[in-house]
Each structure stands twice: as structure tokens, then as C-alpha cells.
Amino acid sequence: MLSGKHVTVRYGDFAAVNDLSFHLEPGQWLMLAGPNGAGKSTLIEAIARGVPYAGAIEWAGRDIRTLKPAQLARNIGVLSQKNAVGYAYTVEEVVGLGRYAYQSGFLSGKDDAGKARIERALELTGLTELRKASMLTLSGGETQRAFLAQVFAQDPQVLILDEPANHLDINYQQHIFSLIQAWLKEPGRAVLSVVHDLSLARRYGTHALLMHRGKCVSQGPVRDVLTPDHLQQVYGMDVYAWMRDMLSQWQ
């Protein structure tokens with residue numbers, strides 16, 4: 001569905017993403033993992049066409065640079081970490097922006113499936129009661145859920161998520177990840193997400209891509225990638241021992 005071939009993103013002489021290739025197939029949840037500065041969010045920005053890059057990123061065999069924005073939006077939905085709001089739109093209006101790619105023409109409001117998609121997105125993210133609230137009055141977690149609802153309303157085939165649990169309380173972290181897992185069960189869908197919490201990556205990911213200094217250290221089924229040796233290589237510590245020690249606090 002989505003693949004990258006020798007993707008490189010440079011800022012001057014610095015390669016934030018360095019000759020990285022990846023692939024995403026239907027039914028997969030690919031977790032991008034690695035320490036801060038590994039290039040995970042930069043790769044997301046490249047997929048979203050937010051930064052120039054060398055190499056190729058393809059959707060269903062087509063270079064995404066050849067696709068019109070509406071074509072791309074109907075197939076790939078992106079939730080970034082940078083969702084600052086400087087306008088007094090309501091939650092419902094922001095979620096409705098996810099349907100822009102489905103409007104039939106310039107200034108056209110026709111979107112027969114849109115209303116139902118918006119209603120379902122509000123319901124799934126627990127925002128029905130806040131639908132008329134101004135975005136300027138929301139907490140960080142509520143804002144994150146509103147933009148996730150916008151992506152759900154967009155109804156793409158692939159979700160690209162940069163830290164989807166960012167700013168969320170633990171109950172909403174569980175809720176959102178379970179929702180994404182359920183969304184993924186529909187045929188012809190896939191998810192690619194950046195995660196810092198390796199426990200979430202192990203719990204929900206089917207596959208993982210472990211990055212370090214812009215490069216791919218390992219890629220494949222999540223348990224084959226997030227091994228003690230691989231994690232020691234990129235984090236410089238015994239991650240498994242740390243996780244076991246943290247778990248022991250609850251026993």
C-alpha cells in the first residue's frame with residue numbers, strides 16, 4: 001500500500017533521514033520506534049509532503065509527488081504532533097475539515113457520506129458532548145482527540161500517526177489505541193505510527209521499524225525487531241531489564 005525507497009531528508013549537511021526504505025501492507029500496524037532524534041517524525045513529514053526528500057515514496061505503486069492533494073487525502077490521513085489552534089472553530093467544524101477532499105467541486109458542500117462520518121468520528125473519540133465547544137477552550141488531550149476525529153472522518157485507507165497518545169490521559173491512551181486497532185480490522189487498511197512508549201509498540205504493533213540516526217536498524221514483525229540486542233544498540237541500555245524493573249513496582 002505504502003512504501004519508501006532510499007528516502008533521504010537533508011538539512012544542509014545533516015541527514016535527518018538517511019537512505020531509508022520501508023513498506024506497509026494491508027492489515028499491518030507499523031510502529032516507528034527509536035530514540036529522540038532518530039528521524040521518525042521527519043519521515044512522517046516526508047510522507048505528508050511537508051519536507052523535500054530524495055528517493056521515492058509510493059502509494060499503490062505511484063509516486064506520491066504525482067498525486068493531487070485531494071487524491072492523497074482520500075487515501076492517506078496524517079495526524080501530526082503539531083496541532084496548535086489559533087482560531088475559534090468548534091470541535092465539529094474542525095472534525096468536518098476531514099471531509100474537504102470529498103467535496104465535489106470548488107466551494108461545493110456536497111458530500112453525501114460526510115455527515116455520518118463526522119458523527120461517527122465524534123462518537124468514537126468521545127467528543128459528541130463537546131461538538132459545539134470552541135477549540136480554544138480545550139485541553140491538550142481534547143485537542144489531540146479532535147484532530148484524531150478529523151482523520152477518522154477523512155476515512156483514509158492508511159493512517160499516519162505521529163505520537164497519537166501525545167497529551168492523552170492513560171484511559172484515553174487505551175481507548176484511542178483500541179479504536180485504531182478496531183479501525184485496522186476493516187479490509188484494505190493499514191497504520192503507520194511513531195511511538196516512544198515501547199510497551200504500546202509491543203502491545204498494538206504487528207510490525208516495527210527501529211530507527212537510529214536517520215537509518216533503519218531493523219524492520220519486520222514487531223517481536224523480531226524490538227529485541228534486547230537491537231534496543232541496546234540504539235538506546236545504549238538494557239531496555240528489557242528497565243521494563244521488568246518498572247513492572248515490578250506494580251507487583
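Is Glu119 buried, partly exposed or exposed, and what is its relative accessible area? Glu119 is partly exposed, at 31%. Buried means under 20% relative accessible area, exposed over 50%, and partly exposed in between (1.4 Å probe, protein chains only).

The model is predicted: local features need pLDDT of at least 70, side-chain atom pairs count only at pLDDT 80 or more, and totals for chains, interfaces and linings use all residues. Residues are numbered from 1 along each chain as its sequence is written, and side-chain values use heavy atoms, with hydrogens and water left out.

**View 1. Glu119 and Arg131 form a salt bridge.** The closest N and O atoms are 2.5 Å apart. A salt bridge is a side-chain nitrogen of Lys or Arg within 4 Å of a carboxyl oxygen of Asp or Glu. Glu119 lies in helix H4 and Arg131 in the loop between H4 and H5, so the pair ties together parts that are 12 residues apart in sequence. Helices (H or I, at least four residues) and strands (E, at least two) are DSSP runs, numbered from the N terminus. Arg131 is buried, at 16% relative accessibility. The side chain of Arg131 also makes a polar contact of 2.7 Å with the side chain of Glu92. A polar contact is a pair of N or O atoms within 3.5 Å; within protein, one must be able to donate a hydrogen and the other to accept it, and residues adjacent in sequence count only if both atoms are side-chain atoms. Glu92, Glu119, Arg131 and Lys132 are linked in a network of salt bridges.

View 2. Arg120 is partly exposed, with a relative accessible area of 44%.

**View 3. Four strands form an open antiparallel sheet.** The order is E2-E1-E4-E5. E2 (14–24) and E5 (62–63) stand at the edges, each with a single partner strand, so one side of each is left without a neighbour in the sheet. Two strands pair if DSSP finds at least two bridges between them. Seven bridges join E1 to E2; Ser3 has His23 as its bridge partner in E2. E1 and E2 form a hairpin with two residues between them, and Gly12 in the turn has a positive phi of about 70°. Five bridges join E1 (residues 2–11) to E4 (residues 54–59). Leu2 stands opposite Trp59 in E4.

**View 4. Lys5 and Glu58 form a salt bridge.** The closest N and O atoms are 3.4 Å apart. The pair links distant parts of the chain: Lys5 in E1 and Glu58 in E4, 53 residues apart. Lys5 is partly exposed at 42%, whereas Glu58 is buried at 18%.

**View 5. Thr206 sits in the loop between helix H7 (198–204) and strand E9 (207–212).** A polar atom of its side chain lies 2.8 Å from the backbone nitrogen of Trp29. The side chains of Thr206 and His207 are joined by a polar contact of 2.9 Å. Thr206 is partly exposed, at 32% relative accessibility.
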